[in-house]
Amino acid sequence: MAVDPHTHAGPHLSFWRRYIFSTDHKVIGKQYLFLSLFMALVGGLLAYMMRWQLAWPETAIPGAGWIPEPTAFDGVIPPEFYNALVTMHGTIMVFFVAMPLLLGGLGNFLIPLMVGASDMAFPRLNMMSFWTFFTASMVLLASFFVPGGAAAAGWTGYPPLSADPTYTGVDWGITLWLLALALEFASFLMGGINFLTTAISMRAPGLSMMRLPLMVWMQMSAAVVFMLSVGPLIAGAVLLLLDRTAGTSFFVATRGGDPLLWQHLFWFFGHPEVYVILLPGLGAILEVLPVFSRKPVFGYRPIVYAAIAASVLSFIVWAHHMFVSGMNFKLVMPFSITTILISVPFTLIVLAMIATIWRGALRFTTPMLFALGTLGVFIVGGLTGIFLGSAPADIFLHDTAFVVAHFHYTLFSAVIFGGFAGIYYWFPKMFGRLMNELLGKIHFAFTFIGFNLVFGPMFLLGIGGQMRRIYNPMQYDFLKPQQPLNEFITIAAIILLLGQLPFIINFFWSMFRGNLAGRNPWQANTLEWAAPSPPPHGNFETPPRVYHSPYGYSQPGTSEDWLPQYQPLEKSTA
């Protein structure tokens, strides 16, 4: 019997078709979620080894004694492996955690539900997207086990380190790194096509573009930014592969190439990539804040326009990463201005968030705590970004720990805090059960405090001159006075990592033993809460219809403080 790709109505789907090679957007969203959480665990363990090396250089790392020579020696890591740790941690967290969690996981699960559709526009393409990403993840992890080890040229892959194996001692590892990125980009191109087509063409009756939940707007904006920016980097990756394998010289200066060309191609994609990650994270927060403030979102239209403006501006800021790369000084000021200018739309979004919770009837649930944590952390990230957008300050702070602190305050807020807010908030819809609130709040406390203890002091390290990619700070006399700070940060990082245990326990325990959630446990308005928890194949028992805005909380003339988007006004009027 043929299976309708949109309703998945086949009654006899095997385990493999239902849960492994499924075309159901909800299953695919969960697959992305599980894989991204696994990769986050890998990335976190790599960070733990990096931090130990920085705090107590060239001593045995507890728990690393199993790593064979020459990768490590009785738990002591050599500089070559440290470079691989730095490279792979950045690569994994940006491309294999942030994107699959926020876009693949939340985007896949939510977009059809939020627009009232039965599935993605192209279910089979959706399945292919996930399995392409899965292949990319396996290729990346396999690179740890090839001769020479994993890529060690930095997550930016700058030539000549990435173009010539003699500089890093890594051969196959960088080739596999490039292949993994190419597969990952292909995967998310497929996903982006699906997101846009579904959100634009499969909306429920009455769901105009200006009635879309902000999460959908943010996912759409991120998809457009990714699709328009990734092309140059794919081309650059192909050229770099040719340099490595076919003897061409696009980026190798000794053969007449130009390494700066790679930097332009990388950052033309690399900086918009920040917003590809940031926007869905902020979208999750913009869904959580009004629900637990019991107030409408303040400035819905300005937020939409700000997201579009930030998306456009993201294409003309890339060169601020290259102020010290030898670029023409006449270009420095224009790129400095556009970089600082992009803070304007995000300032507007942050102010709208603050206005949304202002004088609201706040409910301090776990998703709300993570949403408020996102807001606080992101403000620090945004303010410190102004320093790096300004060329004079950036020249001093470039490639120091200050930069590490800044981008963690910016991206950690969206990926980790925003991601956790989204997971806690939509977990009942995903699995039909509630997560434990006490464990959730313990998890939030450890994460919020641990994060600030790790990355706050890094601003001081950076101002003190500590380089971001350094193997042993004790080699430099001027860095020795800062070493106690390095030790403090590493202890805080271990606390931060251990603080994730309550989440892991809570997540898997609640999947099977949590209290039943019901259809709409948060009394939220958007369409996904009209479906059962978890939604069946096809999502809705009857196709929903939309009557008004998704953020009608505490409206005058209504008997309740919420007004579901799928409920006609007269039925809620007292």
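Guide: Helices here are DSSP runs of H or I with at least four residues, and strands are runs of E with at least two, both numbered from the N terminus. The model is predicted, so local features need pLDDT of at least 70 and side-chain atom pairs pLDDT 80 or more, while totals for chains, interfaces and linings use all residues. Residues are numbered from 1 along each chain as its sequence is written, and side-chain values use heavy atoms, without hydrogens or water.

Trp509 lies in helix α17. Together with Phe34, Leu498, Leu501, Ile504, Ile505 and Phe508, Trp509 forms a nonpolar patch on the surface. Such a patch joins Val, Leu, Ile, Met, Phe, Trp or Tyr side chains within 5 Å, from residues with over 30% relative accessible area and no salt bridge (a Lys or Arg side-chain nitrogen within 4 Å of an Asp or Glu carboxyl oxygen). The accessible area of the patch is about 680 Å² together, by the Shrake-Rupley method with a 1.4 Å probe and only the protein chains shown as cover. Helix α17, residues 501-513, gives the most to the patch, with five residues.

Elsewhere, helices pack against one another. The axes of α2 (residues 25-55) and α3 (residues 79-115) come within 7 Å and cross at roughly 155°; axes are lines fitted to C-alpha atoms over the stretch in contact, with angles from 0 to 180 degrees between N-to-C directions. Helix α2 is therefore roughly antiparallel to α3, a word for angles over 145 degrees. Helices α9 (residues 300-313) and α11 (residues 343-357) pack at about 155°, their axes 8 Å apart, and are therefore roughly antiparallel to each other.

Terms used
Parallel < 35°, antiparallel > 145°, perpendicular 65-115°, else oblique. Patch = residues over 30% accessible without salt bridge, like charges linked within 9 Å, V, L, I, M, F, W, Y side chains within 5 Å.
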